[in-house]
Amino acid sequence: MSEANPNILILYASYGEGHLQAAKALQQRFARLGIDRVKLLDLLAEAHPCINAVTRYIYLKSSTLGPDLYGWSFYFTQHLKHDTAFAKWLNRFGARKFKQMLQAERPDAIVYTFPLPVVSGMMSPNGTPVRTYTILTDFVLHQRWIHPDIDKYYVATEQLRQQVAASGVPKHRIAVSGIPLRSPFSDPIRPQDVLRKYGIEPSKPVVLLMAGAYGVLKHISRMGHALLRLDEIELVIVCGRNKPLKGQIEASFASHPRVRILGYVEDIHELMAVSSCLITKAGGITLSEALALRLPVIVYRPLPGQEKENARFLSEQGAVEIAQSPDELISLVKRIVSLPEQAERMKAAMENLYCGDAAEAVVSDVLEGLSRTNTGLLG
């Protein structure tokens, strides 16, 4: 290893956007330190492109075609240990290709932002063991993340740290870092510039309705029409990469003066920063982005599985509200935008949960671990 510029391999999967966004956040942070030998790899897409395409399609459609089936699969495998026959079978996917890539890339460290096959016994170019790190990108534990050959885990909260420890991981190998976010979420913005950019009326509170990166949140039109019963708000609907959804929403609202309809927004931090309330699906990255900006969140009918558990945990902490019907959604939004004490309570809960710049914390810790390994002081 060149101590000043180690070779880092970050593994993610394209089931949703969050795992890739966490990987990009780390790459950005490494780059700020002048470390440019950082490669992002979608392992399953490289190793099994056909299987990856099919399972990714099923995952993205699960919110509309089979949410209960997806939830069942999540809960059925949630406590499945790495050494069970089924877990071993899952871990074989991509393992051979992974070994080939490792031999070609010869990384000093591997960082996982998705639970993927863990290859043990690999050596770095200078003859030391390849260090392995896992970043849990949700607020709840699924045993697929846990493997005895991972050197260090990074988790969102102290509660999750306790869960990982209870699964058998020594506490000194678990750090409460938060979930890494892209650098713009820690940069200042000028609200007036953002409002002008999107043509938003500055005198009214902004309610941001996000369908997810792939536009999979259901009932967007129904929610939008319900929300417009509140005369005091401006509504921004972000449809993600789902172009048919965007067309449907544009037709449904037909240039309504209090509605802005957008597709995929790269600079979503700008809209989040000027909003009074966010309605969204309960992905770990999106919820972490809201925590970073202290933006009150309402999750509408969370899907069974990690999203439902993410929403449940943050709701128990007072940082998120959950709505199950349009009437409940309207009531919650009205309370947040009209009652300052409600919004402040949620923001205070978010303040207690937010860990700071997670990408900086993880990258610093990884580099420290590599330095100690390089000098023979394994930690």
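Modeller: Let us begin with helix axes, which are lines fitted to C-alpha atoms over the stretch in contact, with angles running from 0 to 180 degrees between N-to-C directions. Helices (H or I, at least four residues) and strands (E, at least two) are DSSP runs, numbered from the N terminus. This is a predicted model, in which local features need pLDDT of at least 70 and side-chain atom pairs count only at pLDDT 80 or more, while totals for chains, interfaces and linings use all residues. Residues are numbered from 1 along each chain as its sequence is written, and side-chain values use heavy atoms, with hydrogens and water left out.

Colleague: At what angle do the axes of helix 4 and helix 13 cross?

Modeller: The axes of helix 4 (residues 67-77) and helix 13 (residues 306-316) cross at roughly 75 degrees and come within 9 Å. Angles under 35 degrees count as roughly parallel, over 145 as roughly antiparallel, 65 to 115 as roughly perpendicular and the rest as oblique. Helix 4 and helix 13 are therefore roughly perpendicular to each other.

Colleague: Which residues meet between helix 4 and helix 13?

Modeller: Contact means heavy atoms within 4.5 Å. From helix 4, Tyr 70, Phe 74 and Tyr 75 meet Gln 306, Lys 308 and Glu 309 of helix 13. This contact comprises three nonpolar, one polar and two charged residues; Ala, Val, Leu, Ile, Met, Phe, Trp, Tyr, Cys and Pro count as nonpolar, Asp, Glu, Lys and Arg as charged, and the others, Gly among them, as polar.

Colleague: How many aromatic pairs does a search of the whole structure find?

Modeller: Rings of Phe, Tyr and Trp (its six-membered ring) pair if their centres lie within 6.5 Å; planes under 30 degrees apart count as stacked, over 60 as edge-to-face and the rest as tilted. The search of the whole structure finds two aromatic pairs. One of them is stacked, Tyr 133 with Tyr 154, at 6.2 Å centre to centre and 25 degrees between the planes. Since Tyr 133 lies in strand 4 (residues 131-135) and Tyr 154 in strand 5 (residues 152-155), the pair ties together parts that are 21 residues apart in sequence.

Colleague: Which residues have a positive phi although they are not glycine?

Modeller: Arg 294 has a positive phi of about 55 degrees and is found in the loop between helix 12 (284-293) and strand 11 (297-300). Arg 301 has a positive phi of about 45 degrees and is found in the loop between strand 11 and helix 13.
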